[in-house]
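Take a look at the model below. Where do its nonpolar side chains gather, and which charged side chains pair up?

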Amino acid sequence: GLEYFLSRTTQAPRDAKEGLAYVLEHAKSAEDQERCAAALTRKCAILWGLLDGVEWGGSKPRLAPAALLRPEADETLAVLPERAVRISPSGKAILAACDGVRDVEAVAAAIRTEHPAAERVERDVFEFIERMQTLGVLQLT
């Protein structure tokens, strides 16, 4: 995955120029233009997924040493030295899977087994872990 992104520094400008020329020449109707935009949006989603894999490959999330989980009525609070973060029941399940042993992909797979019909489980898990890391609730080892 990293090799792909390294190659993009020289290849991307050429691809963008070629793609723009194609759209300008062939996407005359609003419908064609919308399809081109949808294709670009899909490509970006794929690239973000690949980039997450490069960035987080093998990373094992666990509760940060400064974070304490405290149960409240129907939710959980992640208590940090200078703030508290409300955690939903689904977030609590993700945090429970972040044991420092499983990597991010294994955490997502564990949550997938609990919700086999859900559409965005993996993406939602990755986004949640990233947000919790930013807030200081989780750390990656």
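Predicted model: local features only at pLDDT ≥ 70, side-chain atom pairs only at ≥ 80, totals over all residues.

Residues are numbered from 1 along each chain as its sequence is written, and side-chain values use heavy atoms, leaving out hydrogens and water.

In soluble globular proteins, nonpolar side chains tend to be buried together. Here the largest nonpolar core has 23 residues. A nonpolar core is a set of buried Ala, Val, Leu, Ile, Met, Phe, Trp, Tyr and Cys residues joined through side-chain atoms within 4.5 Å. Buried means under 20% relative accessible area, exposed over 50%, and partly exposed in between (1.4 Å probe, protein chains only). Helix 5 (121–135) is among the elements that each supply at least two residues of this core. Helix 5 gives the most, with six residues. Helices (H or I, at least four residues) are DSSP runs, numbered from the N terminus.

Now the charges. Side chains of opposite charge can pair when their charged atoms come close. A salt bridge is a side-chain nitrogen of Lys or Arg within 4 Å of a carboxyl oxygen of Asp or Glu. The count comes to nine salt bridges. Arg112 pairs with Glu122, their closest N and O atoms being 2.9 Å apart. Arg112 lies in helix 4 and Glu122 in helix 5, so this pair ties together parts that are 10 residues apart in sequence. Arg8 forms a salt bridge with Asp15. Arg8 counts as buried, at 16% relative accessibility. Asp15 is partly exposed, at 28%.
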